[in-house]
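Trainee: Hi! Could we walk through this model together, starting with any enclosed space inside it?
Mentor: Happy to, let's bring it up.

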Amino acid sequence: MKPPDPSLLSLNTATVKARWNLAQAIEGCARHGIRGIAPWRDKLAELGLKKAVSLIRSHDLSVTGLCRGGFFTAKDWLDDNRRAIEEAHALEADCLVLVVGGLPEGSKDLIKARERIKESISMILPEARAAGVPLAIEPLHPMQAADRACINTLEQALDVCDALGEGVGVAVDVYHVWWDPKLEEQIRRAGRKRILGYHICDWLVPTRDLAFDRGMMGDGVIELKKVRSWIEAAGYPGFHEVEIFSERDWWQRDPDEVMRTMKERHLSAS
Ligand code: ZN
């Protein structure tokens, strides 16, 4: 299989978050010739939206996603999601990534939580459409159903998309969906129009922490080239966003080394 186009590489700033603020990440991308960036909102707030927009524009970077909106089962979800849509609009982000939220505090009713999430997305959808901000539902690995997201497969996410229509799609994060026996079929079902983001890293064996031990591409067991072939067959032309939460390894390293490794592994292992 042909290596991917290096100009499609994007940095999800979580990958370097322990050592770089957003301004440093933007400058780091420019320095390493990486054309895409996906900021997290805590780092965005720290820098300030205006400054972030001007710095990203001055380096001519594409914002491949804003992380994140969602958490629809939390108390202040509506205002927070409205702000997230405004920020994504100002950044001209390809999408606002939705981590939809888990069970409300004290509840065990998973079915109801999922209903509530669908309703909440339908409530913010008109604003998102008006702002030209596509909403990308990111299914999370089922181990996070209780606390972070009770949409756990691409199939479930696409069922919500089908119900809600224009303006909602999915972010395919290999870390969350690599194990799914229906992955190929559901990527095909999503198609070009609904795949709004593609997040890459690797699944380490053993995994020492369920959230913060993601691996660099090539260091684990995900068949990244195969998944990319499915994504490409579906017609997705967009960025490959490297998102690595790694408390014990990559967050400890010099971010310039992380960026160099990311570039190499994007070509050799993804
Ligand atoms: Zn992701």
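Mentor: The largest cavity is lined by Thr15, Val16, Lys17, Ala18, Arg19, Trp250, Trp251, Arg253, Asp254, Pro255 and Val258. On a 1 Å grid over the protein atoms alone, a cavity is a set of points where a 1.4 Å probe fits but cannot get out, and lining residues have an atom within 4 Å of a point. Before we go on: this is a predicted model, where local features need pLDDT of at least 70 and side-chain atom pairs count only at pLDDT 80 or more, while totals for chains, interfaces and linings use all residues. Residues are numbered from 1 along each chain as its sequence is written, and side-chain values use heavy atoms, with hydrogens and water left out.

Trainee: How much space lies in the largest cavity?
Mentor: About 30 Å³. A volume here is the space filled by probe spheres set on the points, with grid points joined across faces, edges and corners. A search of the whole structure finds one cavity of 30 Å³ or more.

Trainee: And how do the residues of that lining divide by class?
Mentor: The lining of the largest cavity has six nonpolar, one polar and four charged residues. Ala, Val, Leu, Ile, Met, Phe, Trp, Tyr, Cys and Pro count as nonpolar, Asp, Glu, Lys and Arg as charged, and the others, Gly among them, as polar.

Trainee: Switching topic: how many residues are in the largest nonpolar core?
Mentor: It has 79, and those with the most contacts inside it are Ile37, Leu96, Val100, Ile121, Leu135 and Ile137. A nonpolar core is a set of buried Ala, Val, Leu, Ile, Met, Phe, Trp, Tyr and Cys residues joined through side-chain atoms within 4.5 Å. Buried means under 20% relative accessible area, exposed over 50%, partly exposed in between (1.4 Å probe, protein chains only). A second, separate core of ten residues includes Cys67, Val97, Ala171 and Trp251.

Trainee: What does valine 100 touch?
Mentor: Not counting residues up to four places away in sequence, its contacts (heavy atoms within 4.5 Å) include Phe71, Ile117, Ile121, Ile137 and Arg148.

Trainee: Is histidine 240 buried or exposed?
Mentor: Buried, because its relative accessible area is 3%. Histidine 240 lies in strand 9 (residues 240–242), and its side chain makes a polar contact of 2.9 Å with that of histidine 266. A polar contact is a pair of N or O atoms within 3.5 Å; within protein, one must be able to donate a hydrogen and the other to accept it, and residues adjacent in sequence count only if both atoms are side-chain atoms.

Trainee: Why does glutamate 185 count as partly exposed?
Mentor: Because its relative accessibility is 40%. Glutamate 185 lies in helix 8 (residues 183–194), and its side chain makes a 3.1 Å polar contact with the side chain of glutamine 186.

Methods
1 Å grid on protein atoms, 1.4 Å probe; cavity = no way out; pocket = protein on both sides within 12 Å on 5 of 7 lines; lining within 4 Å. Helix = DSSP H or I, 4+ residues; strand = E, 2+ residues; numbered from the N terminus.
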